[in-house]
Every structure is written in C-alpha cells, then in structure tokens.
Amino acid sequence: MNCRVKSIVGLALVLALLSSCSGGEHDTDKQSESAHSQHESMQMSSAGALSGQSVYQLNSAWTNQQGEQITLNSFAGKVVVLAMVYTHCDYACPRIIADMRLIREALKNKAGQISFVLVSIDTKRDTVERLKRFGEETGLTKQGWTLLRGGDADIRELAAVFGVQYRQTSDTDFAHSNIITVLDQQGEIRHQQEGLGLRSDATVTATRKLLCYSHNGRTINC
Amino acid sequence: MIVIAGGEYVPLYGDREVPVQVAPFRLDVYPVTNDEFLTFVRDHAQWRRQHVPPLFADQTYLSHWQDVLDPGGLAPADAPVSNVSWFAAKAYCQAKAKRLPTLDEWEFAARANEYEASAADENAFNKVILSWYGKPARLPLPNVGHSFINVWGVWDMHGLIWEWVMDFNSVMMTGESRKDASGLDGQLFCAAGAIGSADPNDYAAFMRYAMRGSVKASYTGQNMGFRCAQDMDEGILGGSP
C-alpha cells in the first residue's frame, strides 16, 4: 500500500482516539491570542506574579557562553527571540541563526530591548568554551546574544514548552524542528516562526509590536 | 518496580540497519493509578487541577475527577490515572525519585508478550494491539492489571492506556535539520515505507509514534496516562510495587 496514504489514515485514527485532547493545531496566532488574554487577566488579578503561560515558571539552570549560571527568568523584562540549535550543525542551524541576525538587523534601533538566545541541544560537544568560540567565529558577540547550554532533562523540557521536536540521529547529528520563538517581557510565547527559508517579516512585526507602548491613549514606537 | 534487562532493538525511526542499545533499567509494574495520583496531588498542591498553570496542563487536566481531591466514579482508585499532561507525569515520577521511561525504553519493554521479550514480529500480538487501538476508550477505564502481564513481569503495556514517555517530542513529524522544511519526516513516514512493505507488524508502533508526534506537553487525554522508570543505580524509593 502507498505508505503516505496509509500514514494519513493512521494519523487520523490516532487523532480520533485522542479526541479528548484540547487544541491540536500549531496555530501560533491563536496561541498568542489566548496567551495574551490569559496574561491580561492574570495581570489584573495579581500584578507582578508570573502568568500561568509564562515560560519563566521553569526553574531550570543554564550556563551561558561566559560560563555564568542563569535561569530563564533573567531575561524577564526583555523581548526574547530564541531558537534551539547545535553548533556543529552545518545545514539548518546556520540558516536559523542567519534568520535571527536578519531579525536583529531589522530591529537594530531596539536591539537593547531584545535578547537573542540560542539554546544548544548538544550537551556533549557544546561546552562553554565551544559556545564562546562559536559566538566569536560567527560574530554573535554583540550585546544581546546569549548562547546557553544545559542538562539533557532541562533541554527536553524547554523543547516541550516550545513545541520543538529533536532527536539525536548519530554521534554527531541531530534532527530537530526549525522554530524561532518570540517571548514577551513576561516570558509568554507570542509568536513562532516554523521552517526554513521563510521571510521573517511576521516575526519582525510580532517582535516590534511587543516593544510598543501607550502614552496618552496613543500607541508609540511601533 | 521490575528490572528490564535491556538489549538492542530496531526502532521504527532511523537507520533500520543499526539497532539501538537499551541499557538495563527499572520499570513500574503497573501504570500509575488514580489513587496514587490523588496522594501526589494531596502532597503537591501545585498539581491540583485548580492550581496547575496552563503552561503545564490544558483545560481537561483531571477533568473527569469528581472534585479536586475526589476522583469519584469515573476515576476508580485502581484504574490508571488519565487526563494528565507530560509535565504532571514527569513531576509525579520525580516526586518518587523516578523518571518517565525514554521512548526507546518503553518501546523495548512493550515488545514483549506473555512468552518472549521480542514479540514485535508476531502477527497475532500486533493484531491484538491494533484491535485495541481501534476501540474508543470509555470512562471509567478498567483497573490496572487488566490486559496482560508480559514476560518481564510488566502489566498493561498494551490494551489499557496510551502512555507518556520522557522524550515524546523526539518524534519528528515536520521539518528536519537535514531536509527541507515542507515535508513530513521521511524517515518516519517511509520507515513507514518499511511499514507499507517490509514489515507490516510495525504498524502498531507507527500508531504510537504518530500519536507522540501529534501531542504537546500540556495535552491531556482521557485514555493517556503513564508509568515511571528508574536508572539501575538509583535506590528504589517509595512508589509502586
């Protein structure tokens, strides 16, 4: 039997079996809308507390390219543009990083308000030294770039939060989703760009929107 | 818990010439029950359904329980807990000094039938699994110890619930690093090619992979539960038999 047809039938059956699952689509616009309303209601009820959608509820510990220990909530207050990659990757990751550079370039007058974060999925080879050297070799040394390494379980959890799928396919390679995630200042997922070779306009727009503010009823800086 | 001696097996994904090594590990004999999970949410208030943040569990989390600390008639004490997210399952196992099994560990243990450790090529075995997949789950679920005990001494690997694994999100349904961004995972979907031709018995496994690739960590389902595992060098602390 044609494998693709059979696959689709199988998948449909599986989805039917799991019909009590809510959601199921990967519509990030919807996700960010609901995150947004959630966020507003949370802010009204308890100012200052993390919203129920905030990624900063994770208390995992990470190490940056300077060897400093950080938790994710150290990015709170900034907009975060983040991807999960590995530095020995020679195909997809350079393109993800190139996309992030373009996003940074498009928003360079706001660069001080945005953190660009690369989280490694390669615990073995992406040591602090490697991350530091990789950052220097690829010009990610400007302010605002952070490269992180962490433990296997914490990486798996972070990937689960972002809907990133990955698997080690050999001693040297990983298969992984190509997703750039935008977090707002409170750590809620507000936009995701999935796939390679796409224009990043929507991501730039979504990121810029998060840096608007209201003044006397007018929206400024969009 | 019971020791699964480990060994090698050829998973559905990846290079089918190269088996994956599974190190010895311990696995719960039964899926985690409503009663066990009730004790957990009593002790860990942040996992009660009115407290759990939406990042960690969706709206149907424990929704079939009669009340926050009363599972009630749709969730009998010895039936497997369901409507739990991956985060909740992970937190439960952590609280027992255990962890969720990896996908490879779970699949390795699930290959066993009543008589042999590797029954994945048995037509009859796969037919039974597939026929269960075809049946809609009704609440209340049957008590654990329902379907069969496999040769390792583990109950209900098939025929009762779907189970979370630690790296459920290692199943690639879209955009892989070395392929273009458009397609389904060729390795899975035409490993899958293998399913179509070489080894129709993989179809049951394919169903599980497709399910894992389609869920998110906050999802809950009324027939989706879990059991815990443990490394061999961890002491056995608390928890299930």
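The structure is a predicted model. In chain A, seven strands form an open sheet of mixed pairing, and their order is E2-E1-E5-E4-E3-E8-E9. The edges are held by strand E2 (69-71) and strand E9 (189-194) of chain A; each has a single partner strand, so one side of each is left without a neighbour in the sheet. From one strand to the next, the twist averages 30 degrees.

The sheet may be read from the E2 end. Strand E1 (residues 61-64) of chain A runs antiparallel to E2(A), and three bridges join the two. Within this pairing, A:Trp62 has A:Ile70 of E2(A) as its bridge partner. The hairpin of E1(A) and E2(A) has four residues between the strands, and A:Gly67 in this hairpin takes a positive phi near 85 degrees. E1(A) also runs antiparallel to E5(A), to which two bridges join it. Here the bridge partner of A:Asn64 is A:Leu148 in E5(A).

The next step in the order leads from strand E5 (residues 145-149) of chain A to E4(A): these two strands pair in the parallel sense over four bridges. One of the residues involved is A:Phe116, whose bridge partner in E5(A) is A:Trp145. E4(A), which comprises residues 114-120, is in turn paired with E3(A), again in the parallel sense, over seven bridges. E3(A) then pairs with strand E8 (residues 179-183) of chain A in the antiparallel sense over four bridges, and A:Ala83 stands opposite A:Ile180 of E8(A).

Helix H3 (residues 92-106) of chain A, together with E3(A) and E4(A), makes a right-handed β-α-β unit. Helix H6 (residues 201-209) of chain A lies across E3, E4, E8 and E9 of chain A and runs at about 165 degrees to E9(A).

Helix H5 (residues 152-162) of chain A is likewise largely enclosed by the rest of the structure, because eight of its 11 residues are buried. The buried residues are A:Ile155, A:Arg156, A:Glu157, A:Leu158, A:Ala159, A:Ala160, A:Val161 and A:Phe162. Their cover includes E3, E4, strand E6 (166-168) and E8 of chain A, together with helix H2 (86-95) of chain B. After H5(A) comes A:Gly163, whose phi is positive, near 70 degrees.

Of the contacts in chain A between residues at least 6 apart in sequence, 60% join residues at least 24 apart.

Chain B has seven helices and seven strands, which follow the pattern β-β-β-β-α-α-α-α-β-α-α-α-β-β along the sequence. Of the 241 residues in chain B, 51% are buried. Contacts between residues at least 6 apart in the sequence of chain B join residues at least 24 apart in 74% of cases.

Helix H4 (residues 123-133) of chain B packs on helix H7 (residues 203-214) of chain B at an angle of about 40 degrees, and their axes are 9 Å apart. That angle makes H4(B) oblique to H7(B). On the H4(B) side, B:Asn126, B:Ile129, B:Leu130 and B:Tyr133 meet B:Tyr203, B:Ala204 and B:Met207 of H7(B). Classified by residue type, this contact has six nonpolar residues, one polar residue and no charged residues.

How values were computed:
Residues are numbered from 1 along each chain as its sequence is written. Chains are lettered from A and ligands numbered from 1 in the order in which they are written. This is a predicted model: local features need pLDDT of at least 70, side-chain atom pairs count only at pLDDT 80 or more; totals for chains, interfaces and linings use all residues. Two strands pair if DSSP finds at least two bridges between them. A crossover is right-handed if, with the strands pointing away from the viewer, the path from the first strand over the helix to the second runs clockwise. Axes are lines fitted to C-alpha atoms, for helices over the stretch in contact, and angles run from 0 to 180 degrees between N-to-C directions. Two residues are in contact if their C-beta atoms, placed from the backbone, lie within 7 Å. Angles under 35 degrees count as roughly parallel, over 145 as roughly antiparallel, 65 to 115 as roughly perpendicular and the rest as oblique. Ala, Val, Leu, Ile, Met, Phe, Trp, Tyr, Cys and Pro count as nonpolar, Asp, Glu, Lys and Arg as charged, and the others, Gly among them, as polar. A residue is buried if 20 or more other C-beta atoms lie within 10 Å of its own, exposed if 12 or fewer, and partly exposed in between; C-beta atoms are placed from the backbone.
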